[in-house]
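Welcome! Please take a moment to look over the sequence and the structure, and then we can walk through some of the details together.

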Amino acid sequence: MAMLAAPGATLHLQALGPAAALRPTVVMAHGLFVGTLASWYFTAAPALARERRVLTYDLRGHGKSARVRDGYDVPSMARDLGAVAAEAGQAPFDLVGHSYGALVALRFALDHPGRVRRLVLVEAPLPPSRFREIEDFGARSPEDMAASLPEALRGALASGGRRATRLVESLRFLAQDTTLLADLGREPDVADDELRRLSPPLLCVYGARSGCRDVGDRLARVVPGARLEVLDAGHFLPLEAPAELTRLILEFLDG
């Protein structure tokens with residue numbers, strides 16, 4: 001475990017795989033609220049780390065990163081990602097993001113052309129202010145938020161204990177004591193003209209039952225050469241379809 005200083009927050013970082021791997025480093029960002037670096041650490045990251053160095057981190061306010069009250073807008077979190085990317089060295093690296101982490105990854109790739117070798121966006125909600133389910137989720141009580149989680153997470157919480165207590169408190173903190181929901185509501189869309197300038201090869205992965213599903217169609221239509229894959233699942237693909245998602249990421253990064 002390592003703690004990394006970023007502008008306005010200290011981030012929890014975990015590295016897997018050989019430090020001197022021949023393949024490009026992979027940086028992975030998770031989604032908001034229920035996501036932590038464990039979303040990747042226990043799903044796709046180990047398979048990637050067989051031949052690569054993989055960097056996973058907790059977004060600000062999540063997991064073991066600093067519980068800061070502001071800075072949840074995409075530009076601020078893209079600067080956090082930049083601090084993590086500095087750990088990847090100077091060579092272009094591969095970047096994978098889920099949900100809000102995918103928007104952060106997209107912003108970083110747009111702002112740093114040539115820095116990202118290949119980009120994987122999993123269930124990017126573009127823009128997040130359009131998807132009322134995010135606002136509705138944040139308006140619930142922490143207990144109701146936990147009850148509405150995917151089955152894999154609900155099962156882990158059913159037995160109670162410290163993990164369940166920590167998650168409920170984290171949900172309460174993010175929804176009630178931070179600017180996260182306000183930042184989401186103000187987050188603008190990314191214009192098609194800007195998306196067309198995206199430089200790295202792009203893989204988009206969406207769930208057939210996700211409210212974000214049509215964003216995948218838009219990205220595939222607008223971004224030159226973008227590849228779209230649709231899995232039989234909802235929004236939480238790292239948990240709902242880990243094997244299929246891992247296979248697609250590996251194939252794309254090896255391509």
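Predicted model: local features only at pLDDT ≥ 70, side-chain atom pairs only at ≥ 80, totals over all residues.

You will find arginine 196 in helix α10, which covers residues 192-196. The side chain of arginine 196 makes a polar contact of 2.7 Å with the side chain of aspartate 193.

What does arginine 196 contact once its neighbours within four places in sequence are left aside? The answer is Val222 and Pro224.

Helix α3 runs through residues 74-85. With 12 residues at 1.5 Å a residue, α3 should span 16 Å, and this agrees with the 16 Å between its end C-alpha atoms.

Is α3 largely enclosed or largely open? Nine of its 12 residues are buried, so the rest of the structure largely encloses α3. Those buried residues are Val74, Ser76, Met77, Ala78, Asp80, Leu81, Ala83, Val84 and Ala85. What do the buried residues of α3 pack against? Their partners are the strands β1 (2-6), β2 (9-16), β3 (26-29), β4 (54-57) and β5, together with α4.

## Two aromatic pairs

Now for the rings: the structure holds two aromatic pairs. In one, tyrosine 41 and phenylalanine 42 have ring centres 5.1 Å apart and planes at 75°, so this pair is edge-to-face. Tyrosine 41 has a relative accessible area of 27%, which means that tyrosine 41 is partly exposed. Phenylalanine 42 counts as exposed, because its relative accessibility is 65%.

The pair of phenylalanine 93 and phenylalanine 108 is tilted, with 5.9 Å from centre to centre and 45° between the planes. This pair links distant parts of the chain, 15 residues apart: phenylalanine 93 belongs to strand β5 (residues 93-98), and phenylalanine 108 belongs to helix α4 (residues 100-111).

## Arginines over rings

Phenylalanine rings also meet arginine side chains here. The charged end of arginine 67 sits over the ring of phenylalanine 173, and the distance to the ring centre is 4.1 Å.

Which ring does arginine 118 lie over? Arginine 118 is over the face of phenylalanine 252, 4.9 Å from the centre of that ring.

## Cysteines

How many disulfides does the structure have? The count comes to zero. Cysteine 204 takes part in no disulfide, and the nearest cysteine sulfur, which belongs to cysteine 212, is 12 Å away. Two sulfur atoms would have to lie within 2.5 Å to count as a disulfide.

Cysteine 204 counts as buried, because its relative accessibility is 0%. Cysteine 212 is likewise in no disulfide, and its nearest cysteine sulfur is that of cysteine 204, 12 Å away. At 4% relative accessibility, cysteine 212 counts as buried too.

How values were computed:
Residues numbered from 1 in each chain as written. Heavy atoms only, no water. Phe/Tyr/Trp six-rings, centres within 6.5 Å; stacked < 30°, edge-to-face > 60°. Buried < 20%, exposed > 50% of the residue type's maximum accessible area, 1.4 Å probe, protein only. Helix = DSSP H or I, 4+ residues; strand = E, 2+ residues; numbered from the N terminus. Lys NZ or Arg CZ within 6 Å of the ring centre and 35° of its normal. Expected span 1.5 Å × (residues − 1). Contact = heavy atoms within 4.5 Å. Polar contact = N/O pair within 3.5 Å; in protein donor to acceptor, adjacent residues only side chain to side chain.
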